[in-house]
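Q: I have the fold open in a viewer and would like to learn how to read it. Could you walk me through a few features?

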Amino acid sequence: MLDNVRELRNGAAGGGGGAPGGGSGYAQAEPSDSLVRVQHRVPSQVKRSKVNGLREQCTQQLGYHFGDVYAYLRRARGSNPPVPEPEVQKRLLALVGNNDGLMHGCYLVDQLVFQESMWTGPAKKA
């Protein structure tokens, strides 16, 4: 992620992110049967514990930036079509005041959003 951020800063970013078409691939039209089975097999207490621990790490890493980063990633990862990864990284860097040192915290928030989507399904639009 940090290498991609550096490329964005240098203006060398071109092309997409990790998934075909440049998106992250988080947004799914319909969950697969296997995903639904996993969601129901993992105890709620385990889900909450993993998510709460990850959320704590995120807030420690990002401090007051956490809320803005979290809200943005929930929207970006739940959008259809997905937001292109270079755009996501550029926006995250702006949200943390162009501080490369906080980008690891953004990655943790991305993992948090992913975990939440695994356990609860796609983000709801407000």
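A: Start with the nonpolar core: a set of buried Ala, Val, Leu, Ile, Met, Phe, Trp, Tyr and Cys residues joined through side-chain atoms within 4.5 Å. Buried means under 20% relative accessible area, exposed over 50%, partly exposed in between (1.4 Å probe, protein chains only). This is a predicted model, where local features need pLDDT of at least 70, side-chain atom pairs count only at pLDDT 80 or more, and totals for chains, interfaces and linings use all residues. Residues are numbered from 1 along each chain as its sequence is written, and side-chain values use heavy atoms, leaving out hydrogens and water.

Q: Which residues of the largest nonpolar core touch the most other members?

A: Of its 24 residues, they are Leu62, Val69, Tyr72, Leu73, Leu92, Val96 and Val109. Helices α3 (44-62), α4, α5 (85-95) and α6 (103-120) each supply at least two residues of this core, and α6 gives the most, with seven. Helices are DSSP runs (H or I, at least four residues), numbered from the N terminus.

Q: Which residues of α4 are buried?

A: In general, an α-helix has 3.6 residues a turn, so residues three or four places apart point the same way. Here the buried ones are Phe66, Val69, Tyr70, Tyr72, Leu73, Ala76 and Arg77.

Q: What is Tyr72 in contact with, leaving aside its neighbours within four places in sequence?

A: Contact means heavy atoms within 4.5 Å. On that basis, Tyr72 has contacts including Val83, Glu87 and Leu92.

Q: Is Arg55 buried or partly exposed?

A: Arg55, found in helix α3, is partly exposed, with a relative accessible area of 27%. Beyond four places in sequence, Arg55 is in contact with Phe66, Tyr70, Leu112 and Glu116.
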